[in-house]
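These are my notebook entries on one chain. I set down what I looked up, entry by entry.

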Amino acid sequence: MSGLNVSLAYFLAVVVFGAAFRSLFRKWPRLSVAAEFPASYVLVACWLEVQTIKEVGEWAGGLGPDVTLTILFLVLLTHGVICAGATGNPSLTLMNFLLLETPTLHTLLALVAQFLGAHLALLGAGYYWALELNDMHMIKNLMSRECSTALRVSLVQGVFSECVCAFIFYLIYLSLKRRSALIRVPLVAAVLTFFSHSASDYTMAFLNPSLAYGLTFYCPGFTFTEYSVVYWLGPIFGMTLALLLYMGHIPRIFTKNLLYSQKTHFQVPKGEGDKKK
């Protein structure tokens, strides 16, 4: 079995697990918050394998950047389809909280489920790499403790990069939020793939605190606090700015619109009968 076939089998196994786990909670709407666990697990587990293909696939398996980007787009597209209703993204969970769409307890439980899913995905990927099913995994297993950090710039530049990318992405996301899933899911996947490729020399633009936790927090080069500032505060600050610009206010904090007038003027045309008496 070729290296790519092994990876495809891994992707399929992770997706099937996530879909099966989600189906268990559709029967219990009160436990819907638990759907954030498989959503985060699937996203982090698959992205870790994409990262492996990107790091060692080109010279260990002959897989170029075009293959990596295609696989990443398909992963994000599949994730958006099977995890409909769950985000696996703490920034989006906080956005829904700020929009008064979710209560406090639900938000806190969702955040716990997302980071738990990311952590277990990291452990599962480590076990999977330890099996050394192909040359890529053998190399990845050897270098797992010396992985390359995704943060390749200073802290200030990293925060700026994540904040700007998050600001643009969440503006697009808010404008697509009410659109059909047939339009929204592919466009969101395409935008995330574009940002990941464009920011590959800076921060990778994860725009997702739990995803960043699973992909780069364990890599040497920066402390946990420094990673948190870049990959947690950066996206959350960018999301908040996008929400403020799009809505004109933040419903959870401000009831009054700060940027846009809410007055609407209607002109009622006068009929001919009103003119003639």
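I began with the cysteines, for which I needed a definition: a disulfide is a pair of cysteine sulfur atoms within 2.5 Å. I note that this is a predicted model, in which local features need pLDDT of at least 70 and side-chain atom pairs count only at pLDDT 80 or more, while totals for chains, interfaces and linings use all residues. Residues are numbered from 1 along each chain as its sequence is written, and side-chain values use heavy atoms, with hydrogens and water left out.

**Entry: cysteines**

I looked up Cys46 and found its sulfur 9.3 Å from the closest cysteine sulfur, in Cys83, which is too far for a bond. I call a residue buried under 20% relative accessible area, exposed over 50% and partly exposed in between (1.4 Å probe, protein chains only). Cys46, at 2% relative accessibility, therefore counts as buried. Cys165 is likewise in no disulfide, and the nearest cysteine sulfur, that of Cys163, is 9.4 Å away. Cys165 counts as buried because its relative accessibility is 11%.

How many disulfides does the structure hold? I found one. Its partners are Cys147 and Cys219, with sulfur atoms 2.0 Å apart. The torsion about their S-S bond is about -130 degrees, so I recorded the disulfide as left-handed. Cys147 sits in the loop between α6 (135-143) and α7 (155-176), and Cys219 in the loop between α9 (209-215) and α10 (224-247), so the pair ties together parts 72 residues apart in sequence. Both ends are buried: Cys147 has 5% relative accessibility, and Cys219 has 3%.

**Entry: the chain as a whole**

I take helices (H or I, at least four residues) and strands (E, at least two) as DSSP runs, numbered from the N terminus. The chain has eleven helices and zero strands. Of its 277 residues, 47% are buried. A contact means heavy atoms within 4.5 Å. Among contacts with a separation of 6 or more, 75% are between residues 24 or more positions apart.

**Entry: the nonpolar core**

A nonpolar core is a set of buried Ala, Val, Leu, Ile, Met, Phe, Trp, Tyr and Cys residues joined through side-chain atoms within 4.5 Å. Which members of the largest core touch the most other members? Among its 73 residues, they are Phe169, Tyr170, Phe206 and Tyr231. Helix α2 (residues 36-60) supplies the largest share of this core, twelve residues. I then followed Tyr231, leaving aside neighbours within four places in sequence; its contacts include Ala150, Glu162, Phe206 and Phe217.

**Entry: transmembrane regions in the record**

UniProt, in an unreviewed entry, places the feature "transmembrane region" at residues 6-24, 70-87, 108-130, 150-174, 181-199 and 229-247. UniProt positions are given in the numbering used here, feature names are shortened, and annotations may be inferred rather than shown by experiment. Residues 70-87 are 72% helix and 0% strand, with end C-alpha atoms 21 Å apart. Residues 229-247 are 100% helix and 0% strand, and there the end C-alpha atoms lie 26 Å apart.

**Entry: Asn208**

Is Asn208 buried or exposed? Asn208 counts as buried because its relative accessibility is 3%. I located Asn208 in the loop between α8 (181-198) and α9. A polar contact is a pair of N or O atoms within 3.5 Å; within protein, one must be able to donate a hydrogen and the other to accept it, and residues adjacent in sequence count only if both atoms are side-chain atoms. The side chain of Asn208 reaches the backbone oxygen of Gly88 at 3.1 Å, and a polar contact of 2.9 Å joins it to the side chain of Ser210.

In α6, I found Met136, His137, Ile139 and Lys140 buried. Seen down the helix axis, the buried residues of α6 fall within an arc of 160 degrees (taken from the directions from the axis to the C-beta atoms), so they line one face of the helix. At the start of α6, a side-chain oxygen of Asn134 comes within 3.2 Å of the backbone nitrogen of Met136.

Glu132 lies in the loop between α5 and α6. Its phi is near 50 degrees, a positive value in a residue other than glycine. Most residues other than glycine have a negative phi. Glu132 counts as partly exposed because its relative accessibility is 35%.
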